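Trainee: I have a chain to go through with you. Could we look at its fold together?

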Amino acid sequence: MASVACIGECMVELRQAQGGQSAGQSSGQGQGGGLYSRGFGGDTLNTAVYLARLEVKVDYLTALGDDALSDEMIAAWNAEGVGTRRVSRLPGKLPGLYMIQTDAKGERQFFHWRDSAAARQLMSLPETDELLNSLMSYDIVYLSAITLSIYDAAGRERLFAAIKRSRLLGTRFVFDTNFRARGWPDRDVAREVFATAFATADIVLTSTEDLLALYPGESHEQLMARIPTPELVFRLAEPVSLLRFPGGTSEVRAEPMTKPVVDTTAAGDSFAAAYIAARLGGSDPVEAAQAGHRLASLVICYAGAIIPGYAMPPKKRHRPATTRQATK
């Protein structure tokens, strides 16, 4: 069975509620009278959950504290079918926290408290070498620019070196350019790290929103030319993806929305999960992008990063995945 390692950070999530509270979540009243519900989320964790729901074997690689909130996270991931055997637990540490505010159109704004979160130490632990050596046992290693932003330069170098070793044995590296300027010391550092990721990746999932923040004023063609990876998914501001892959290019449009947009949180994360699941299942890039758009279009009709399990689309059976081949 094909397997994926998702690397990153999960945080405590506080989001504005419309009143009342969701099952399994606690709520609190702020000084401004706003009601907030508590859950958990993070870009690569969201992708891991959706991968598990799409019946892909997936492990989440991160670090957590030894606190009750970290225990809740582990229990929630296990309940979703996300593997937790590679989660490091650090005594005395805590997970990070973020708050989501959404406007009337469902667009979101994030506020983070994460500077001392346990996940930031993942590349400098006694067990880090063992963790990184395990990457070669997976079919795909998936991480985002947010993942890379939480490590220091030495940690990123260590991670990239491990990914390059794993690719020699056939593991594919999927990089998602989920860019948040606040996580980087400056854009020059981000551009340098992105260039390394682009040169290393087998598949890049990106968007105009991410790349124009780093390379303002460039055309779609110029932005895509910056990415040498053989397989590229470039999502535009409208629900359209431009694809480049060995043997061709294509444009994939999402089906028109039939329900109102409630919250765009995790639209890209769910797209990534559906795309990866489809590619592992034997679908070509066009079919995979269609699957990504379908799931993302559903996810944005619900509040929060993870939609209720009953709202997931019917499972589609794909052709058997091809055998892993070492990268030449």
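Mentor: We shall go from the overall fold to the sheet, the cores and some individual helices.

Mentor: Please bear in mind that this is a predicted model.

Trainee: Fine. How many helices and strands does the chain have?

Mentor: The secondary structure comes to 10 helices and 14 strands. Of the 328 residues in the chain, 53% are buried. Among contacts with a separation of 6 or more, 71% are between residues 24 or more positions apart.

Trainee: Which strands form the open sheet, and in what order?

Mentor: Nine strands form it, in the order β6-β5-β1-β9-β10-β11-β12-β13-β14, with mixed pairing. The edges are β6 (87-90) and β14 (248-253); each has a single partner strand, so one side of each is left without a neighbour in the sheet. From one strand to the next, the twist averages 15°.

Trainee: Do take one pair as an example. Do β11 and β12 run parallel or antiparallel?

Mentor: They run parallel, and five bridges join β11 (residues 203-207) to β12 (residues 231-235). I203, for instance, has E231 in β12 as its bridge partner.

Trainee: And how many bridges join β13 to β14?

Mentor: Six bridges join them, and these two strands run antiparallel. F245 has G248 in β14 as its bridge partner. The two strands form a hairpin with two residues between them, and G247 in the turn has a positive phi of about 100°.

Trainee: Which strands does helix α1 touch?

Mentor: Helix α1 (residues 43-53) packs on the sheet and touches β1 (3-7), β5 (57-65) and β9 (140-144). Its direction makes about 145° with that of β5. Helix α2 (residues 68-80) lies across β5 and β6, and it runs at about 175° to β5.

Trainee: Changing topic: which residues touch the most other members of the largest nonpolar core?

Mentor: They are V4, L51, W77 and Y142, in a core of 50 residues. Helix α9 (residues 267-280) supplies the largest share of this core, nine residues.

Trainee: What is W77 in contact with, neighbours within four places in sequence aside?

Mentor: W77 is in contact with C10, L45, Y60, T62, L64, V82, T84 and V87. Another core, of 46 residues, lies apart from the largest one, and A119, V193, F234 and L242 are among its members.

Trainee: Back to α9, then. How many of its residues are buried?

Mentor: The count is 12 of the 14, so α9 is largely enclosed by the rest of the structure. Its buried residues include D269 and R279 as well as F271, Y275 and I276. From first C-alpha to last, α9 reaches 20 Å, close to the 20 Å expected at 1.5 Å a residue. G282 follows α9 and has a positive phi, near 105°.

Trainee: What about α5: which residues are buried there?

Mentor: In α5 (residues 153-167), the buried residues are G155, R156, L159, F160, A162, I163, S166 and R167.

Trainee: Why do they line one face of the helix?

Mentor: Seen down the axis of α5, they fall within an arc of 160°, so they line one face. In general, an α-helix has 3.6 residues a turn, so residues three or four places apart point the same way. On the other side of α5, A153, A154 and E157 are exposed. The buried residues of α5 pack against β1, α3 (128-133), β9, α4 (145-149), β10 (172-176) and α6 (187-200).

Trainee: And α6 itself? Which residues are buried in that helix?

Mentor: A190, V193, F194, A197, F198 and T200 are buried in α6. They cover an arc of only 160° around the axis, which puts them on the same side of the helix. The face of α6 turned away from its buried side carries the exposed residues D188, E192 and A199. What covers the buried residues of α6 includes α4, α5, β10, β11 and α7 (208-214).

Trainee: One last item: where does D103 lie?

Mentor: D103 lies in the loop between β7 (97-102) and β8 (108-113). Its relative accessibility is 42%, so D103 counts as partly exposed. D103 and V262 are 159 residues apart in sequence, and their C-alpha atoms are 9.2 Å apart in space.

Conventions. Residues numbered from 1 in each chain as written. Predicted model: local features only at pLDDT ≥ 70, side-chain atom pairs only at ≥ 80, totals over all residues. Heavy atoms only, no water. Pairing = 2+ DSSP bridges. Helix = DSSP H or I, 4+ residues; strand = E, 2+ residues; numbered from the N terminus. Axes fitted to C-alpha atoms, helices over the stretch in contact; angles between N-to-C directions. Contact = heavy atoms within 4.5 Å. Core = buried A, V, L, I, M, F, W, Y, C linked by side-chain atoms within 4.5 Å. Buried < 20%, exposed > 50% of the residue type's maximum accessible area, 1.4 Å probe, protein only. Arc of directions from axis to C-beta. Expected span 1.5 Å × (residues − 1).
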